[in-house]
Amino acid sequence: MKKIGLGADHGGFALKEVIKKHLLEKGYEVEDFGTHSTESVDYPKYGKLVAHAVIDKKVDCGILVCGTGIGISIAANKLSGIRAALCTNVTMAKLTRQHNDANILALGGRIIGDVVALEIVDTFLTTEFEGGRHSRRIESIESCELF
């Protein structure tokens, strides 16, 4: 079973908690990098914490939540080796795993409801990377990264 790293700012805290409960009920191991309340915090901190855990292989993949999912995904994507994808529906979650080998899912806690979010999470975690022609494209993305 996969180990999942979770992170959120205050705008994503409530959805992160829903996701954490769901993952634990499904038997996933979860590492919660915070935040742990609705007190205002800066999302880049949590995006970077989860991204570093993915890079360092302390977790298999990550899930990040902020108000829109945009800021926290931008922060995570600043790190080499991270492919954080903001998804608002199941199709996006499926395709980002199949085609982009995304290793972090980003969600907007103020954008989507809990039911849709959990469907997206389940799809993201159970969909495999297709490889093939998509591997060449991932290698091309990685060649742009600064180390």
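This is a predicted model: local features need pLDDT of at least 70, side-chain atom pairs count only at pLDDT 80 or more; totals for chains, interfaces and linings use all residues.
If we set aside neighbours within four places in sequence, Thr68 is in contact with Leu86, Leu107, Gly108 and Ile111. You'll find Thr68 in the loop between β3, residues 61-66, and α3, residues 70-77.

Gly69 has a relative accessible area of 0%, so we call it buried. Not counting residues up to four places away in sequence, Gly69 touches Leu86, Ala106, Leu107 and Gly108.

Both residues have a record attached. In an unreviewed UniProt entry, the annotation "binding site" covers Asp9, His10, Gly67, Thr68, Gly69, Ile70, Gly71, Asn100, Arg110, Arg133 and Arg137. These residues are spread over 129 residues of sequence, and in space they are spread too, with up to 38.9 Å between C-alpha atoms. One of them, Asn100, is included in the lining of the second largest pocket.

Last stop, friends: Gly81. This glycine is in the loop between α3 and β4, the strand at 84-86. With a relative accessible area of 26%, Gly81 counts as partly exposed. Which residues does Gly81 contact, leaving aside its neighbours within four places in sequence? Those are Asn103 and Glu145. And if you want a distance to check on screen, the C-alpha atoms of Gly81 and Cys144 are separated by 11 Å, although these two residues are 63 residues apart along the chain.

Conventions
Residues are numbered from 1 along each chain as its sequence is written. Side-chain values use heavy atoms; hydrogens and water are left out. UniProt positions are given in the numbering used here, feature names are shortened, and annotations may be inferred rather than shown by experiment. On a 1 Å grid over the protein atoms alone, a cavity is a set of points where a 1.4 Å probe fits but cannot get out, and a pocket is an open set with protein on both sides within 12 Å along at least five of seven lines; lining residues have an atom within 4 Å of a point. Helices (H or I, at least four residues) and strands (E, at least two) are DSSP runs, numbered from the N terminus. Contact means heavy atoms within 4.5 Å. Buried means under 20% relative accessible area, exposed over 50%, partly exposed in between (1.4 Å probe, protein chains only).
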